[in-house]
Amino acid sequence: MSQQFQPPAPDATPAAAPAPGPSGADFLTPAPVRPANVGLGIGAAVGVALVTAAVYGAVIGLTGYQIGFAAVGVGAAIGFAAGKLGGGNPLLPVLSALLSLAAVFAGQIFGIAMIGADEAGVSTLDVLNLGASLLVDAWTATSGPMTYLFLALGGYTAFQSARKAA
């Protein structure tokens, strides 16, 4: 049984273009840059500031202590969200620092309200309904150098995080 073998006819289709790969020219072309969305960065930073203020306040209220690493975490989360989603706009680090100061302060106020509610045997909402001036007076009476250090650390961390995440 002998068979004759015929090679296939040459293909008439043109040769396919080589797939992009690790050639020298591919390394020279920059990756496409996603356009910065400053509005999205600001919105994300505000949202993260609200959430982290509540979490930081709960930590203070439950433990009775201000924890510096938590204030740094507040700033890092706000700055990262702003820089990652908002891009490299120079407004975002400054805004992140300001939002971090506000979030750490609001967290401290919320923590004071939780501690006061626990001592008075009422709900935290009852203490918050007493008014902001009473809570700010309590914050002023209990604040010390560490309070201001935590505010500064949170703001600085937010500024740096926004710059580096962009």
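Analyst: Contact here means heavy atoms within 4.5 Å, and in this predicted model residues 24 or more positions apart account for 78% of the contacts in the chain with a separation of 6 or more.

User: How do you know what span helix 3 should have?

Analyst: Helix 3 has 19 residues, 68-86, which at 1.5 Å a residue should span 27 Å, and because its end C-alpha atoms are 27 Å apart, the two values agree. Helix 3 is followed by Gly-87, whose phi is positive, near 85°.

User: Why are helix 3 and helix 7 called roughly parallel?

Analyst: Helix 3 and helix 7 pack at an angle of about 30°, with their axes 7 Å apart. Angles under 35 degrees count as roughly parallel, and helix 3 and helix 7 are therefore described in that way. Their crossing is right-handed. By class, the contact between these helices has nine nonpolar, seven polar and one charged residues.

User: Which residues of helix 3 are called buried, and what do the buried residues pack against?

Analyst: Buried means under 20% relative accessible area, and the residues of helix 3 that are buried include Gly-68, Ala-71, Gly-75, Gly-79 and Gly-83. The buried residues of helix 3 pack against helix 2 (38-63), helix 4 (91-120) and helix 7 (145-165). In the chain as a whole, buried residues make up 33% of the 166 residues.

Methods
Residues numbered from 1 in each chain as written. Predicted model: local features only at pLDDT ≥ 70, side-chain atom pairs only at ≥ 80, totals over all residues. Heavy atoms only, no water. Helix = DSSP H or I, 4+ residues; strand = E, 2+ residues; numbered from the N terminus. Expected span 1.5 Å × (residues − 1). Buried < 20%, exposed > 50% of the residue type's maximum accessible area, 1.4 Å probe, protein only. Axes fitted to C-alpha atoms, helices over the stretch in contact; angles between N-to-C directions. Parallel < 35°, antiparallel > 145°, perpendicular 65-115°, else oblique. Left-handed = near helix turned anticlockwise from the far one by under 90°. Nonpolar A, V, L, I, M, F, W, Y, C, P; charged D, E, K, R; others polar.
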